[in-house]
Amino acid sequence: MSKQYIKQILADAAIDTAVVVRGWVRTKRQSKNVTFINLNDGTTINNIQAVVEADTITEEVLAKINTGACLEIYGKLIASQGGNQKVEVQVENIKILGEADPDTYPIQPKKHSFEFLREKAHLRPRTNTFGAIFRIRHALSFAIHNYFNDHGFFYLHTPIITGSDAEGAGEMFRVTTLDLKNPPKTEEGNIDYREDFFGKETNLTVSGQLEGELGALALSKVYTFGPTFRAENSNTSRHLAEFWMIEPEVAFNDLTDNMDLAEDFLQYLVRYALQHCEDDLAFLDARFAEEEKQKPQQERSELGLLGKLKFVTENSFERLTYTEAVSILKNAKKKFQFPVDWGTDLQSEHERYLVEKHFKKPVILTHYPKDIKAFYMKMDEDGKTVKAMDVLFPGIGEIIGGSQREDDYQKLKDRAAQVGIEEESIWWYLETRKFGSCPHAGFGLGFERLVLFVTGMGNIRDVIPFPRTPKNADF
RNA sequence: GCUUCCUUAGCUCAGUCGGUUAGAGCAACUGACUGUUAAUCAGUAGGUCCCUGGUUCGAGCCCAGGAGGGAGCGCCA
């Protein structure tokens, strides 16, 4: 007989059948004649209530049933007398699989701060909030593969260790097997990477995009979904040193196609979560509302979490050029801390104003000045701007960055040279423009930023099981 | 990297103008209770006030340095 899990038992609600439930104790309420145990096995946010009538279980066993303990309960599923659940387990026997000493078990049936739970990352999945987050995280991962598979994309595995240092997306983590105390030196006194494992300098990838483009120029539609590493000393609630990124790349797509894809993709993912994570989102919606109540009126969000998610699925994103955005900001009544000027990158406060105050919906900004964007973006006809796009979300900021890629061999070579990238280091990338080049476009979606938006959480460290941030790599 | 705030019981926090024995809620423990919903009620126990140094008759509170954490900014996804 296959094992029973709480989600299925609650869904089937097969009254008067024998059940075996296993899970971790959330709460125990004891009175003279009856004891109630709420058990959760993580398959759903809902607990199952086990009812122990006096004298069925010995005092000795009952005393060991504390919050956090793991139990195997044998009994009968019956209709519940209580109002908060349809069914409950009438207990016949309990086997304690693992005790949890109440004096030292840190997770209590009460509110904990997220800062505290971050230090207990090994146990925090046992809480309602983190259980919900990690189930939603899974659902979104699955939806990503689903979407691309249904749309004829191929999942391309790009390398984690890269010998290319030209991705230009940020500081990199060095990968080496050299003895750091006594590395081999060249005649000039530099470290001799020819002696290293790969015979050259290698790093952890900051983006799979360049390799993704190689795939797109052969398979037409590809995507990557893998871990990405940035050694930037970023101390914010929106950055991780190790995060997961989704990067579709499509041959024959231009910037408009790219925007259409990004918008359809994001709306699909949010809709998928709304359809498949109802219980977890209802819980997080209530949590979000509670959190909002603590904030001063002015900072409160007009919509609840579910409201925000539905809004994104039901409204098209606002599309405008960087130049148009600059003029809106220049004419805004609001005083900004930083001045707005054509040619400089927009500050967070500017992006927030556009998304949260002016348009009040997701915004796609396009055609940025070439000097503030990467070398591989396709130059516009005016020679001043590039076919770039950033998708900005309320409360998150930039969730997607992408572009139509430069497909002209000479122009790409010139741009690389201008920003100081050596031709030898990207010869393979340049060759795709030399042999059978074609228009193509793609983007990068920060997975944790998506999870942040869907769950309504405030800190990116709380939507990945084991966050990696500057000065923190525990667990 | 920059700015700013915080660190008091296991957790979440209060602590007045620098004053004698540092408090509350929750958790834990003991007991009561005929079905509870983070049960309720009564009681018990629980403190390196982040660390180091200084000012003072006297420091949780003031000053200096350090450590850890949060928020904001920059870099970006």
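**Entry 1: terms.** Domain bounds, as I use them here, come from an automatic or database domain assignment. I also note that this is a predicted model.

**Entry 2: the second largest pocket.** I looked up where the second largest pocket lies relative to the domains. Domain 1 (6-109) and domain 2 (126-171 + 206-462) both give residues to its lining, so the pocket lies between them. I wrote down a volume of about 830 Å³ for this second largest pocket. Its lining has 32 residues, and R26, K110, T127, N128 and F283 are the closest to the centre.

Next I checked which elements give two or more residues to that lining: they are β1 (18-30), β3 (48-53), α3 (114-118), α4 (128-150) and α7 (278-294). The most comes from β1, which gives 5 residues. Sorted by class, I get 14 polar, 11 nonpolar and 7 charged residues in the lining of the second largest pocket.

**Entry 3: the surface near RNA strand B.** I turned to the RNA. RNA strand B is surrounded by 52 residues, and the closest are R29, K110, H239, I399 and R449. I see K110 in this list and also among the residues closest to the centre of the second largest pocket.

The elements that each supply at least two residues of this surface are β1, β2 (34-40), β3, α3, β11 (242-251), α10 (348-358), β15 (397-404) and β16 (440-446). The largest share, 4 residues, is from β15. By class, I list 26 polar, 16 charged and 10 nonpolar residues for the surface near RNA strand B.

**Entry 4: contacts with the RNA.** Which parts of RNA strand B have atoms within 4 Å of the protein? Sugar or phosphate accounts for 50% of those atoms, and bases for the rest. I then looked up single pairs of atoms:

- S113 has a polar side-chain atom 2.6 Å from a phosphate oxygen of RNA strand B.
- R461 also places a polar side-chain atom by a phosphate oxygen of RNA strand B, at 3.0 Å.
- For D103, an N or O atom of the side chain is 2.7 Å from a sugar or linking oxygen of RNA strand B.

**Entry 5: D280.** Is D280 buried or exposed? Buried means under 20% relative accessible area. D280 has 7% relative accessibility, so it counts as buried. The side chain of D280 makes a polar contact with the side chain of R135, at 2.9 Å.

How values were computed
Residues are numbered from 1 along each chain as its sequence is written. Chains are lettered from A and ligands numbered from 1 in the order in which they are written. This is a predicted model: local features need pLDDT of at least 70, side-chain atom pairs count only at pLDDT 80 or more; totals for chains, interfaces and linings use all residues. Side-chain values use heavy atoms; hydrogens and water are left out. On a 1 Å grid over the protein atoms alone, a cavity is a set of points where a 1.4 Å probe fits but cannot get out, and a pocket is an open set with protein on both sides within 12 Å along at least five of seven lines; lining residues have an atom within 4 Å of a point. Grid points are joined across faces, edges and corners, and a volume is the space filled by probe spheres set on the points. Ala, Val, Leu, Ile, Met, Phe, Trp, Tyr, Cys and Pro count as nonpolar, Asp, Glu, Lys and Arg as charged, and the others, Gly among them, as polar. A residue is near a molecule or strand if one of its heavy atoms lies within 4 Å of it. A polar contact is a pair of N or O atoms within 3.5 Å; within protein, one must be able to donate a hydrogen and the other to accept it, and residues adjacent in sequence count only if both atoms are side-chain atoms. Buried means under 20% relative accessible area, exposed over 50%, partly exposed in between (1.4 Å probe, protein chains only).
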